[in-house]
Amino acid sequence: MDLRQQRGMELAATRTIRKKGETWIVPSQAGADFYQVTITAETESCTCPDFATRKARCKHMYAAAYFAMREINSKGEETVTETLMVAETKRRTYPQDWKNYNAAQVEEQDRFQVLLHDLCKNLPTIAPKPGRPPLPLSDAVFICAFKIYSTMSQRRFMSDLRESHKRGYISRVPHFNCVSNALENPNLSTILKSLITQSSLPLKSLETSFSVDSSGFTTSRFIRWYDHKYGKPRQRHEWVKIHLMTGNSTHIVTSVEIGERYAGDSPYFVPMVKETAENFKIGQVCADSAYSSNKNAAAVYEVGGTPFIDFKANAVADSTTGSAYRQMFHFFQYQKEKFLAMYHQRSNIESVNAMIKAKFGDSLRSRTDTAMRNEALCKVLAHNIVCLIQAIHELGTQPTFWNGHAEAAN
């Protein structure tokens with residue numbers, strides 16, 4: 001039972017619902033308004049804003065349906081009748097290309113190593129210093145990303161590293177602590193972000209619609225404090241907050257930012273839009289109300305796109321708002337169905353967050369801030385490579401990185 005059904009039952013049990021011909025008069029749950037509900041074998045409708053927006057059963061329609069199922073007899077006893085049954089909400093499903101999906105899953109780990117090696121093989125080398133030769137940068141990035149993809153511990157991951165060495169993807173088999181040491185490098189964050197951008201480019205001809213949102217990964221560290229109000233100690237996990245911009249068709253991540261734990265989402269919108277616009281043609285950008293501002297709407301228009309950003313409860317369009325924001329607001333007011341149809345593509349980025357956490361884990365094993373940020377970026381990089389593997393089978397894409405040049409950009 002969803003929330004609207006539950007609230008409909010509460011309305012039917014606590015408020016007076018009247019029938020007038022074929023119409024039910026249902027009171028508002030929050031105020032003094034009344035809504036007209038019509039439920040027949042041919043049609044269902046309600047005059048409330050929720051039904052006008054969703055075109056699906058609202059709580060007032062559920063309330064009328066539940067109320068109609070009860071009938072008070074002459075003795076004041078309540079009997080249940082079958083005059084009106086509540087329709088079950090149909091779950092929307094999407095077709096799946098199982099043949100290519102299965103082929104991609106079967107070959108994923110082998111192809112993952114090939115694509116990751118192609119991304120890393122031409123990374124710049126580090127000048128040697130006196131002492132033990134350092135692990136090459138290309139090897140370090142490959143090992144970190146492959147380890148995060150495997151979701152195994154560093155010690156158990158060594159068997160995979162030995163196999164990668166046999167195939168020529170790394171120059172030597174290092175100690176199992178090499179992953180921890182590499183993730184502690186603060187310069188690795190910039191390299192991983194560039195690889196994430198580079199891994200998205202093979203799909204740039206397929207993506208013109210994008211979504212922006214943030215997500216968090218829990219860590220093994222705790223914040224502890226003493227609650228004087230209740231007289232007992234409390235604790236909670238620390239987390240790493242990432243901001244993503246993703247394509248709505250292929251779920252590829254085009255831009256990523258690591259933000260402060262308690263920072264707002266809106267300041268990260270413009271940098272990600274500009275970074276994506278450097279490589280992709282932006283048609284639409286969808287985001288929730290946390291990103292609703294004049295600056296963010298204008299940033300999308302400046303790169304040739306149309307913003308579909310949800311509005312806050314007190315949103316207005318007057319002389320104090322920017323022209324881009326006013327255009328978006330009037331579009332919503334006069335073509336609400338079209339606006340919402342585009343805005344609801346934002347659900348794709350929720351799918352991306354769920355994909356990353358389900359496949360690579362929703363928590364981080366690293367202990368320091370630097371290592372945790374790099375580990376989160378490795379999860380995003382692994383997700384992009386998995387999306388490329390799926391595109392190879394379903395779309396026939398042949399990924400080529402760094403424009404086919406022999407050397408990667410420093």
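This is a short talk on one predicted protein model, from the whole chain down to single residues.

First, the ground rules. The model is predicted, so local features need pLDDT of at least 70 and side-chain atom pairs count only at pLDDT 80 or more, while totals for chains, interfaces and linings use all residues. Residues are numbered from 1 along each chain as its sequence is written, and side-chain values use heavy atoms, with hydrogens and water left out.

Start with the whole chain. It has 14 helices and eleven strands. Those are DSSP runs, numbered from the N terminus: H or I of at least four residues for helices, E of at least two for strands. The C-alpha trace spans about 95 × 55 × 50 Å along its principal axes. Of the 410 residues, 45% are buried. Buried is under 20% relative accessible area, exposed is over 50%, and partly exposed is in between, with a 1.4 Å probe and protein chains only.

Now contacts, meaning heavy atoms within 4.5 Å. Take those with a separation of 6 or more: 61% of them join residues 24 or more positions apart.

Charges next. There are 51 positive and 41 negative side chains. Lys and Arg count as positive, Asp and Glu as negative; His and the chain ends are not counted. The centres of the two sets lie 4 Å apart. Each charge is placed at NZ of Lys, CZ of Arg, CG of Asp or CD of Glu.

On to helix packing. Two packed helices are described by the angle between their axes and the distance between the axes. Axes are lines fitted to C-alpha atoms, for helices over the stretch in contact, and angles run from 0 to 180 degrees between N-to-C directions.

Look at α13, residues 347-360, and α14, residues 369-395. Their angle is about 105 degrees, with the axes 10 Å apart. That makes the pair roughly perpendicular. The classes are under 35 degrees for roughly parallel, over 145 for roughly antiparallel, 65 to 115 for roughly perpendicular, and oblique for the rest. From α13, the contact uses Val352, Met355, Ile356, Lys359 and Phe360. From α14, it uses Lys379, Val380, Ala382, His383 and Val386.

The second pair is α5, residues 137-150, with α8, residues 188-200. Here the angle is about 70 degrees and the axes are 12 Å apart. So α5 and α8 are roughly perpendicular too. Leu137, Val141 and Cys144 of α5 meet Leu188, Ile191, Leu192 and Leu195 of α8.

Now backbone angles. Most residues other than glycine have a negative phi, and most peptide bonds are trans. Lys55 has a positive phi, near 55 degrees. Lys55 sits in the loop between α2 (49-54) and α3 (59-68), and is exposed at 52% relative accessibility. Thr151 also has a positive phi, near 60 degrees. Thr151 is in the loop between α5 and α6 (158-166), partly exposed at 38%.

Stay in that α5 to α6 loop for Gln154. Is Gln154 buried or exposed? Buried, at 18% relative accessibility. Beyond four places in sequence, Gln154 touches Lys147, Phe176, Asn177, Val179 and Ser180. Its C-alpha is 58 Å from that of Glu44, which is 110 residues away in sequence.

Asp288 lies in the loop between β10 (284-287) and α10 (294-302). Its relative accessibility is 18%, which counts as buried. What does Asp288 touch, not counting residues up to four places away in sequence? Asp213, Ile309, Asp310, Tyr343 and Arg346. Ser266 is 22 residues away along the chain, and the two C-alpha atoms are separated by 10.0 Å.

Last, Val26, in strand β2 (residues 23-27). Val26 is buried, at 0% relative accessible area. Leaving aside neighbours within four places in sequence, its contacts include Leu11, Ile17, Phe34, Val37 and Ala63. Tyr66 is 40 residues away in sequence, and 12 Å away C-alpha to C-alpha.
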